[in-house]
Structure formats: structure tokens, C-alpha cells
Amino acid sequence: MSRQRGVTIKSEREMASMREAGRVNALALAAAVSAVRPGATTADLDAAAEETLQKHGAKSAFKGYPGAYPFPAVTTVCINEELVHGIPGPRKLKRGDIVSIDCGAIVDGFVGDSAMTVPVGEIDGEIQRLLNVTLESLYEGIEKMRAGNRSGDVSAAIQTCVESHGYQVVREYTGHGIGRRMHEDPQVPNYGTEGMGLLLRTGMTIALEPMVLTGTAQTIVESDQWTVVSLDRKLTAHFEHTVGVTDDGPIVLTALDEETLDALGLTRYNKYFAGRLAKAV
Ligand code: MG
Ligand code: MG
């Protein structure tokens with residue numbers, strides 16, 4: 001693994017290890033998503049993810065993560081106006097809610113990080129539009145993850161997509177380089193200017209994560225000192241993939257193939273898990 005101004009460049013072999021960490025993380029996320037139903041608690045979703053991590057001999061990148069106090073779970077789970085960093089617990093999901101789940105796995109020393117927001121039962125069409133736009137903005141960013149582009153191209157693509165639909169991107173939290181550590185350089189905000197920022201090179205791996213708000217872009221941290229919510233308590237959504245820059249274009253390291261999704265009964269989330277740019281390493 002070489003470095004360019006604090007940014008790690010992965011060899012082909014390291015990229016394959018990143019893919020394995022990403023695949024296991026995606027399986028854990030899928031397990032949590034499979035547990036989503038009215039009446040399930042957010043702790044139930046976390047338990048499903050933890051069981052999958054254990055089954056694959058993976059460690060959690062989240063549990064014990066330093067903050068006001070160490071993060072206590074393997075996932076962050078957020079309902080409705082909660083944007084990121086929600087602590088799983090006894091709260092029950094209700095029909096019509098949206099729930100975001102974020103998970104991080106460490107496999108053979110490499111980290112995968114991915115997140116998605118899903119409906120609990122039937123949701124309103126306007127809320128579905130928020131989920132569609134947030135996912136679309138993620139893939140708009142992924143499309144720009146090409147050698148020779150700049151990180152600002154990625155940021156601008158996400159921002160343009162989100163704002164063209166009348167939503168806001170968060171300012172305080174960003175996408176990030178990822179490798180042997182969950183948070184490496186560079187920071188990749190969900191807003192930016194084309195042609196600015198870090199020059200992207202083959203071997204870079206970055207977690208892109210649009211965090212989208214339907215009202216004000218301002219957020220606050222709840223009294224539990226972890227959960228980030230929109231200041232106006234309007235709905236938010238969050239999608240994330242760990243993405244690698246290769247000579248053949250972007251690859252989604254936290255993807256799952258259609259066969260796996262089929263076996264898990266999650267083909268309805270194919271657009272997220274097996275996005276059009278996902279390729280096997
Ligand atoms: Mg994450
Ligand atoms: Mg992340």
C-alpha cells in the first residue's frame with residue numbers, strides 16, 4: 001500500500017481484500033435489512049448484522065469507535081429525522097417509517113463501510129422519492145470515481161443531483177477515504193466544485209455517502225451524544241457504498257451479486273446492492 005499525500009493507494013491484491021471486506025459488510029447490511037418489519041426493534045436489526053459478521057469471522061468497525069463514549073453496537077440505525085449515528089436499542093419500527101442502517105466490517109485488516117435507507121412496510125410516494133433521489137445521487141457520485149477526475153467532480157455530482165430535486169446535502173459529515181482504517185484521507189463532502197480537490201488515481205478507495213435532508217441542511221446531536229438529527233426534524237435519508245478506482249472505472253466494493261440477493265429474498269434492493277457499475281474484482 002503506497003501513499004499520496006496521506007491517501008492510501010491499494011495494490012490489486014489489496015483491492016481484492018477490500019472487495020472481500022465490502023462483500024461481508026454488504027451481507028451484514030442485507031441481514032439487518034431482512035429484519036426490518038413493523039414491530040422489530042432497532043436492536044433486532046443490529047443483532048442480525050452482528051450474527052452475520054461473526055459467521056464470516058469479521059470484526060465490527062463501529063463497536064468501540066471513539067466518541068463521547070465508545071459506540072456500543074455494530075450498526076448505526078436511524079429512523080425518519082435521524083440522519084446518522086443512531087444507537088440501536090428498544091425503539092420499535094412503525095409502518096410508514098424509513099430506517100437507515102449503516103454497518104462497517106473489518107476482514108483481514110481491511111474495512112468495508114456501507115449504508116442504506118429502507119421503508120418499513122408501505123410508505124408515502126413523497127418519501128419514496130427521497131429514497132430514490134438519495135440512491136441516485138450516490139450512483140451519480142460513483143460514476144465520477146474515475147482516474148483523472150477530481151474529488152470535487154464526485155462531490156459536485158452528488159450535490160447537483162440532490163439539489164435539483166429540492167433537497168439539501170449535509171455539511172458537517174462527509175464521505176471519506178477507507179482502507180486499513182475506516183476513516184482515511186481524503187474527505188469527500190456531498191457538495192463541491194468540479195475540477196477541484198484531490199486527483200483520483202487507480203487504487204484509491206473511498207466511501208461515498210450522500211446524507212440528504214428534506215428541510216434545512218442544519219443538524220444537531222441528540223442528548224445521547226451520538227444520534228444526529230435534522231434541526232427541523234424533517235425526514236432524512238442516507239446511502240453509502242465503498243468504491244474503488246480501477247483502470248476499468250469505478251467498482252462498488254460493497255455490492256452483492258444478483259444470485260446472492262435472490263437467495264436472500266432482497267431482489268427489490270437490487271438497484272442499491274448490485275448497481276449498474278458494480279463489477280467483480
Ligand atoms: Mg458508514
Ligand atoms: Mg462512512
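Analyst: By class, 8 nonpolar, 7 polar and 7 charged residues make up the lining of the largest pocket. Here Ala, Val, Leu, Ile, Met, Phe, Trp, Tyr, Cys and Pro count as nonpolar, Asp, Glu, Lys and Arg as charged, and the others, Gly among them, as polar. The model is predicted: local features need pLDDT of at least 70, side-chain atom pairs count only at pLDDT 80 or more, and totals for chains, interfaces and linings use all residues. Residues are numbered from 1 along each chain as its sequence is written, chains are lettered from A and ligands numbered from 1 in the order in which they are written, and side-chain values use heavy atoms, with hydrogens and water left out.

The lining has 22 residues, and Tyr65, His85, His176, His183 and Glu209 lie nearest the centre of the pocket. A pocket is an open set of points on a 1 Å grid over the protein atoms alone, where a 1.4 Å probe fits, with protein on both sides within 12 Å along at least five of seven lines; lining residues have an atom within 4 Å of a point. The space in this pocket is about 460 Å³, a volume being the space filled by probe spheres set on the points. Strand S10 (residues 184-188) gives the most to the lining, with 3 residues; strands are DSSP runs (E, at least two residues), numbered from the N terminus.

Next, the metal site. Asp102 (OD), Asp102 (OD), Asp113 (OD) and Glu240 (OE) coordinate the magnesium ion (ligand 1) at 2.0 to 2.4 Å. Donors are N, O and S atoms within 2.8 Å of the metal (3.2 Å for Na, K and Ca), and water is not among the atoms, so sites may look incomplete. Aspartate 102 in strand S6 (residues 98-107) and glutamate 240 in the loop between strands S15 (236-238) and S16 (241-246) are 138 residues apart. Aspartate 102 is buried because its relative accessible area is 7%, and glutamate 240 is buried at 0%; buried means under 20%, exposed over 50%, and partly exposed in between (1.4 Å probe, protein chains only). Aspartate 113 also bridges to the magnesium ion (ligand 2), and the two ions lie 3.2 Å apart.

Last, the rings. There are 4 aromatic pairs, where rings of Phe, Tyr and Trp (its six-membered ring) pair if their centres lie within 6.5 Å; planes under 30 degrees apart count as stacked, over 60 as edge-to-face and the rest as tilted. Tyrosine 69 and tryptophan 226 are edge-to-face, at 6.4 Å and 85°.

Methods
Helix = DSSP H or I, 4+ residues; strand = E, 2+ residues; numbered from the N terminus.
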